[in-house]
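Please read them with the sequence and the structure open beside you.

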Amino acid sequence: MDITEVILEQHHQQRRMFAVLDEMPRDDTTALAAVWARLAVLLGVHAEAEERFFYPRLLRLGKGTPDGDVHDEVEEAVKDHNDIRDAVRAADAHEVGSDAWWTAVWEARKANDDHMGGEERDDLLDFRRHADLQTRHDIAVQFLTYESQHYAGIPIRDKDPERYISDNT
């Protein structure tokens with residue numbers, strides 16, 4: 001088990017759930033609400049697990065990429081997570097299936113797509129290059145344990161990226 005593979009697999013699940021929303025009948029608000037509720041939990045718990053287990057280790061072990069140093073990578077990731085959380089909160093504030101709800105879901109998707117692209121391109125590469133397999137395994141176990149313990153969701157709370165970095169370095 002490898003945390004980088006776990007994260008990639010969960011990214012695939014998130015992309016698929018957004019695609020499922022695309023394919024659902026627009027007037028079936030019960031189904032839309034159910035799929036959205038599951039996706040919102042996946043997004044929130046995944047982000048929190050990354051911030052608890054993956055990113056602190058990246059800050060200690062990572063060296064950065066040609067695009068920036070490891071602090072830049074992590075700061076951007078936490079900002080992205082905040083954008084995702086904000087969009088999830090916005091969707092939850094609107095009637096499921098309404099234009100405002102779909103707009104917020106679209107914002108969540110865009111923020112998540114941006115985050116996953118940067119994470120896959122930079123953060124996971126940096127981690128693979130600098131973390132040994134045992135470390136990657138240990139983090140995967142912690143990550144999946146946390147997610148399993150919080151399968152029903154967690155409170156949505158933004159984080160200050162700069163404070164997050166200073167607290168974890």
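**Notes on charged residues**

1. D123 is buried and yet has no salt bridge, the nearest side chain of opposite charge being that of R121, 7.8 Å away. Please bear in mind here, and in every point below, that this is a predicted model. D123 belongs to helix α4, and, once its neighbours within four places in sequence are set aside, the residues in contact with D123 are F54, Y55, L58, E73, A77 and G118.

2. Side chains of opposite charge can pair when their charged atoms come close. For the whole model the count comes to 15 salt bridges, taking a side-chain nitrogen of Lys or Arg within 4 Å of a carboxyl oxygen of Asp or Glu as the rule.

3. One of these salt bridges joins R15 to E120, with 3.2 Å between the closest N and O atoms. This pair links distant parts of the chain, since R15 sits in helix α1 (residues 3–23) and E120 in helix α4, 105 residues apart. R15 counts as partly exposed at a relative accessible area of 36%, and E120 is likewise partly exposed, at 24%.

4. D22 and R109 also meet through their side chains in a salt bridge, at 2.9 Å from N to O. Here too distant parts of the chain are linked, with D22 in helix α1 and R109 in helix α4, 87 residues apart. D22 is partly exposed, with a relative accessible area of 39%, whereas R109 is buried, at 17%.

5. A further salt bridge is formed by D158 with R85, whose closest N and O atoms are 3.6 Å apart. D158 lies in the loop between α5 (133–149) and α6 (161–167) while R85 lies in helix α3, so the pair ties together parts that are 73 residues apart in sequence. D158 is partly exposed at 37% relative accessibility, but R85 is buried, with a relative accessible area of 6%. Both residues belong to a network of salt bridges that links E48, E51, R52, R85, D86, R89, D158 and K159.

6. On the surface, a patch of negative charge is made up of D69, D72, E76, D83, D113 and D114. The elements that contribute two or more residues to this patch are α3 (70–92) and α4 (99–130), and α3 provides the largest share, 3 residues.

Technical notes
Residues numbered from 1 in each chain as written. Predicted model: local features only at pLDDT ≥ 70, side-chain atom pairs only at ≥ 80, totals over all residues. Heavy atoms only, no water. Patch = residues over 30% accessible without salt bridge, like charges linked within 9 Å, V, L, I, M, F, W, Y side chains within 5 Å. Areas by Shrake-Rupley, 256 points an atom, 1.4 Å probe, with all protein chains shown as cover. Lys, Arg positive; Asp, Glu negative; His and termini not counted. Charge placed at Lys NZ, Arg CZ, Asp CG, Glu CD. Helix = DSSP H or I, 4+ residues; strand = E, 2+ residues; numbered from the N terminus. Buried < 20%, exposed > 50% of the residue type's maximum accessible area, 1.4 Å probe, protein only. Contact = heavy atoms within 4.5 Å.
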